[in-house]
Amino acid sequence: MSTYPQSYQAFYVEKTAEGFKRSVQSLNPEALPQGEVLIEVHYSSLNYKDALSASGNPGVTRNYPHTPGIDAAGVVLHSSNDRFQQGDEVIVTSYDLGMNTWGGFADLIRIPAAWVVPLPKGLSLKESMMLGTAGLTAAMSLEALLENGITPEMGAVVVSGATGGVGSAAVALLAKAGFKVIASTGKANAHDMLKSIGASEVINRDELNQDEKRPMIKPRFAAAIDTVGGKTLETIIKSLNVNGAVAACGLVGGADLQLTVFPFILRGIRLLGIDSEKYSYAKRVALWQKLATGWKVDLSPINREIGLTELEDAIAAILKGQIQGHVLVKVR
Ligand code: NDP
């Protein structure tokens, strides 16, 4: 029988007359939402969505006070569900965690058992959060390309937003799977870093951000993982080889698409939408297994570790697109 914690530390966002106020506070666990599994969180990671939640974006979080954090990895303290026992190491990513359920920027979370994935053998809690939702989304994108018949023999795969959390994990995972990877970035000083994690070639993001009126342009990529959206996704779709595919997961560059049907009906292009939040539990467990074994990549060169008190600055930086790589949050 474990003792129930008397207090816990949380990054706490309050709505005040002057705007949204963020601080690290000691709270009573009674304040946590009801749930079957109480988890002592060791690591989390910072995602763009967390920054939106921490700054009052109603599309992500409606009710405040709130603790963001869509990722958490830790140890089960209590479980009323037989699937989990005290001491089990577990991972939780997305579902409603950190959105309208208090999330992983705290050393305790209480959630439904249906959201909890056992930590696979071969991955530590820290390594799982070096990936986080960003890494899992990159893995979902790779899986979608493979399921749609994309193979390394077909040619190079381009990754947009390559220095971001999803993009950098996508570069490393594609390279591990044997693909020639072209990384697209806006950061001139990041070329060496991108090559160190597996990019064969690095291009300036302007090459994929063209005001191109033609419905299709010269084909140059077999496939793509796009984290940017908008004009970048338009340019990618217009430049894919016959039978190419793009896994589209992000919108940092815009949500609109101005396209014709020609790339789809004259080149057989597939546009594969990726939604990490509603990804099935069974496929999620299987992907974590792959990430712990055959798809295991070392993301330590692109991860910067911070504590709860450093989140405020990191949130401001990710909102300005200034983060290079991924931010690992050491919660306890
Ligand atoms: P990051 O902020 O870590 O990275 C985004 C990267 O995009 C930046 O590092 C930068 O890379 C590039 N970028 C930033 N601003 C622009 C711009 N205006 N035009 C072109 N490129 C830009 O974010 P994440 O990697 O965590 O997330 C990327 C996207 O994926 C977000 O939109 C996020 O919401 C989405 N996402 C979606 C998920 C899903 O389930 N569909 C899950 C997780 C994330 P560089 O300088 O190298 O070009």
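Author: What follows is a set of questions and answers on a predicted model.

Reader: Start with the ligand. Which residues come nearest to the ligand?
Author: Thr-163, Val-166, Thr-185, Ile-274 and Ser-276 come nearest, out of 22 residues around the ligand.

Reader: What is the make-up of that shell by class?
Author: It has nine nonpolar, 10 polar and three charged residues.

Reader: New topic. How many aromatic pairs are there?
Author: The count comes to four aromatic pairs. One of them is Tyr-95 with Trp-115: the ring centres are 5.9 Å apart and the planes are at 5°.

Reader: Why is the pair of Tyr-95 and Trp-115 called stacked?
Author: Because planes under 30 degrees apart count as stacked, and these two are at 5°.

Reader: Where do Tyr-95 and Trp-115 lie?
Author: Tyr-95 is in the loop between strand 5 (89-93) and strand 6 (108-111), while Trp-115 is in the loop between strand 6 and strand 7 (117-118). The pair therefore ties together parts that are 20 residues apart in sequence.

Reader: Is Tyr-95 buried or exposed?
Author: Tyr-95 is buried, and Trp-115 is buried too.

Reader: What sits over the ring of Tyr-95?
Author: The charged end of Arg-284, 4.3 Å from the ring centre.

Reader: Which residue has a positive phi of about 65°?
Author: Asn-243, again although it is not a glycine. Asn-243 lies in strand 12 (residues 240-248).

Reader: Is Asn-243 buried or partly exposed?
Author: Partly exposed, because its relative accessible area is 42% and the class runs between 20% and 50%.

Reader: Backbone again. Which peptide bond is cis?
Author: The one from Tyr-64 to Pro-65, with omega near 5°. Most peptide bonds are trans. Pro-65 has its place in the loop between helix 1 (48-54) and strand 4 (71-79).

Reader: Now helix 2. Where does the side chain of Thr-137 reach?
Author: The side chain of Thr-137 reaches the backbone oxygen of Thr-133, at 2.6 Å. Thr-137 itself lies in helix 2 (residues 125-147).

Reader: Why does Thr-137 count as buried?
Author: Because its relative accessible area is 8%, and buried means under 20%.

Reader: Where does Leu-208 lie?
Author: In the loop between strand 10 (201-204) and strand 11 (221-226). Leu-208 is buried, with a relative accessible area of 1%.

Reader: What is the relative accessible area of Val-329?
Author: It is 0%, and Val-329 is buried. This residue lies in strand 15 (residues 326-330). From Val-329 to Val-75 the C-alpha atoms are 16 Å apart, and the two are 254 residues apart in sequence.

Reader: Last one. Which strand holds Tyr-12?
Author: Strand 1 (residues 8-16). At 12% relative accessibility Tyr-12 counts as buried.

Reader: How many Å apart are Tyr-12 and Met-193, C-alpha to C-alpha?
Author: They are 34 Å apart in space and 181 residues apart in sequence.

Technical notes:
Residues are numbered from 1 along each chain as its sequence is written. This is a predicted model: local features need pLDDT of at least 70, side-chain atom pairs count only at pLDDT 80 or more; totals for chains, interfaces and linings use all residues. Side-chain values use heavy atoms; hydrogens and water are left out. Rings of Phe, Tyr and Trp (its six-membered ring) pair if their centres lie within 6.5 Å; planes under 30 degrees apart count as stacked, over 60 as edge-to-face and the rest as tilted. Helices (H or I, at least four residues) and strands (E, at least two) are DSSP runs, numbered from the N terminus. Buried means under 20% relative accessible area, exposed over 50%, partly exposed in between (1.4 Å probe, protein chains only). A charge sits over a ring if NZ of Lys or CZ of Arg is within 6 Å of the ring centre and within 35 degrees of the ring normal. A residue is near a molecule or strand if one of its heavy atoms lies within 4 Å of it. Ala, Val, Leu, Ile, Met, Phe, Trp, Tyr, Cys and Pro count as nonpolar, Asp, Glu, Lys and Arg as charged, and the others, Gly among them, as polar. A polar contact is a pair of N or O atoms within 3.5 Å; within protein, one must be able to donate a hydrogen and the other to accept it, and residues adjacent in sequence count only if both atoms are side-chain atoms.
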